[in-house]
Amino acid sequence: MMQQSAENRSAIDDTIALEQRVYEKEVSMKILFGMISHESNTFALDTGDFKRWASNGWSVGEEIFSKYRNKISYPAGMIKAAEEYGVELIPTIALGNAGPKLTKEAVEYAIGELIKVAKERKGEYAGICLGLHGAGCAEHTDDLEAYTLEKVREVVGPDMPITVSLDLHGNITPEMVELSNGLFSCKLYPHIDETDAGYLAMKTLIRMLRGEATPQTSLVQLPLLVSSIIGCTLNEPMKSITDYVADYVAKHGLIDATFFHGFNPADLPCTGASVVVVAEKGGKEAAAEIARHIWDKREQLKGECPMPDVAVDRALAALKKPGTGYIVINEASDNPGGGMPGNATHLLREILSRNLAKAIFGYIYDPEIALLAHKVGVGGVVSGLLGGKTDKIHGAPIELHNARVCALSDGNATFVSPMMEGLPVCYGKTARLRVGNVEIIVTENFPDQTYDDRPFLLTGADITQYDIICLKSVNHFRAFFQPRAKAIVASDGIGIANFGCFNYQKIRRPIYPIDLDTTFSPLT
């Protein structure tokens, strides 16, 4: 009996010692992390320098924790997972945005900040977790993600575990797969689940380092362009497809699986939809089966978007129907979140030509007019050319004649959208102008698409007091506006819904729906 007790005590002591060693390993484990994310529109005529890339703000070192902890973002998820698992993080740099192709100087500066810390702290960290995008490119690289990973690998070697969070609109390449140990994306559009993607990327890395997981990543590229117009996962057909992938992951015990919609305003060989599976085993077969399911539904993924005159007609018709609330017209063809210029004039010109009562446009990017409005002050008048100053395809400038300045703001706000809640934003010097019955918000800075009511509210405009709300976005605005609006109507202006505005030269062909006879076999 005494011998048995001694054996039991010995077993208990061994267990305690093992748990202590595991605990000490967890506490002492360090992981390098950061975010270098850009969604690059290759059809934009200009290039993006670092100032434009970082127009939403950027963080270095410990600043990353104060900006992102407990927010909605990829770094927030990484921080959350590390804190829950008792892992120490070594911060590097964090910035993300969309715009034209980046300059070489901008890329080298951003990656240089990451590499500097990676070199200085080499030997301290056991793994790396990075927030990238999947659709980044620059003057000197068509694959910003692979380029970034290559630069990191030059420092840490081929064996260091690296996991990556990506955006749902990534154009995924085999090089991204080969240079990483797991690609994890948000699944929803609007991307209200970015934190979940960052969390899973970090959690999986920690499990790898503890010897609890050996994930393998499988990629299937589809010869398919998915219209972003119908990409919203709150609505059909995307809701059912997204649910199918989630159910497949649960049923087959996968670590993760993502149907990447792809990023269409990029003329690159990798442009298009894809499926990525992260699994212990059977990932290749799973990716092929999911890809086949999506391919069979390709006709539902085309999308349709009317020109501004038809969109406004539909909005006015919806306004007359029973019920209360405002109508949102989203100018999908000038989405700054997809690298568009943010100063297109197609929809605004239509609104002004009809002189619609209780209509407000928020916002259009034009620093010249915004600064002029601040110069003349509230109650003053502004004349000049508004918008249309980047290229011809997005419309000619609108001539303003004595537009009244209703309100001014420094443009500083905090997002309340479920997608960006709690994160700061600065629109720069901002003005609300009145032209006839129509009010127009003009900004100095180029922060991003309209996510919520902040651009309106910071100039004193309560959107509930208007009938027609016009904004520039494809789907991210829906996270805030869809539960509140009476109806939503999309507006085109350049043929974005049928890809007619893109003069593709480099994408792989054939590709659906440009080539309707395209065939696909996922295992060949």
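**Basis and confidence**

The model is predicted: local features need pLDDT of at least 70, side-chain atom pairs count only at pLDDT 80 or more, and totals for chains, interfaces and linings use all residues. Residues are numbered from 1 along each chain as its sequence is written, and side-chain values use heavy atoms, with hydrogens and water left out.

pLDDT is the predictor's confidence in each residue, from 0 to 100. The chain averages a pLDDT of 94, and 94% of the residues score at least 70. A contact means heavy atoms within 4.5 Å. Residues 15-27 also stay under 50, and here the model has seven contacts beyond four places in sequence. Where pLDDT is low, the predicted coordinates should not be read in detail.

Helices (H or I, at least four residues) and strands (E, at least two) are DSSP runs, numbered from the N terminus. Two strands pair if DSSP finds at least two bridges between them.

Six strands form an open sheet with mixed pairing, in the order β2-β3-β1-β4-β5-β6. The edges are β2 (59-60) and β6 (183-185); each has a single partner strand, so one side of each is left without a neighbour in the sheet. Strand β1 (residues 30-41) runs parallel to β4 (residues 127-131), and five bridges join them. Within this pairing, G34 stands opposite L130 in β4.

Two helices pack on this sheet. Helix α4 (residues 74-84) touches β1, β3 (88-100), β4 and β5 (162-166), and its direction makes about 165° with that of β1. Helix α8 (residues 194-209) touches β1, β3, β4, β5 and β6, at about 170° to the direction of β5. Such angles run from 0 to 180 degrees between N-to-C directions, with axes fitted to C-alpha atoms, for helices over the stretch in contact.

Strand β5 is parallel to β4, with four bridges between them. The bridge partner of I128 in β5 is I162. Five of the five residues of β5 are buried, so the strand is largely enclosed by the rest of the structure. Buried means under 20% relative accessible area, exposed over 50%, and partly exposed in between (1.4 Å probe, protein chains only). I162, V164 and L166 point one way from β5, while T163 and S165 point the other way.

G211 follows α8 and has a positive phi, near 80°.

The buried residues of α9 are M238, I241, T242, V245, Y248 and V249. Seen down the axis of α9, they fall within an arc of 120°, so they line one face of the helix. The arc is that of the directions from the helix axis to the C-beta atoms. D247, A250 and K251 are exposed on the other side of α9. The buried residues pack against β8 (256-260) and α10 (283-295). Just after α9, G253 takes a positive phi of about 65°.

Strand β8 has five of its five residues buried, so it is largely enclosed by the rest of the structure. D256, T258 and F260 point one way from β8, and A257 and F259 the other way. Five bridges join β8 to β9 (residues 274-279), and the two run antiparallel. D256 has V278 as its bridge partner in β9.

**The eight-stranded sheet**

An open sheet of eight strands, with mixed pairing, has the order β12-β13-β16-β17-β11-β18-β10-β19. β12 (381-386) and β19 (487-491) stand at its edges, each with a single partner strand, so one side of each is left without a neighbour in the sheet. The twist averages 30° from one strand to the next.

Strands β16 (residues 430-435) and β17 (residues 438-443) run antiparallel and are joined by six bridges. A431 has V442 as its bridge partner in β17. Helix α11 (residues 308-320) packs on the sheet, touching β10 (327-331), β18 (468-471) and β19. Helix α13 (residues 367-376) lies across β11 (359-365), β12, β13 (398-409), β16 and β17, at about 170° to β12.
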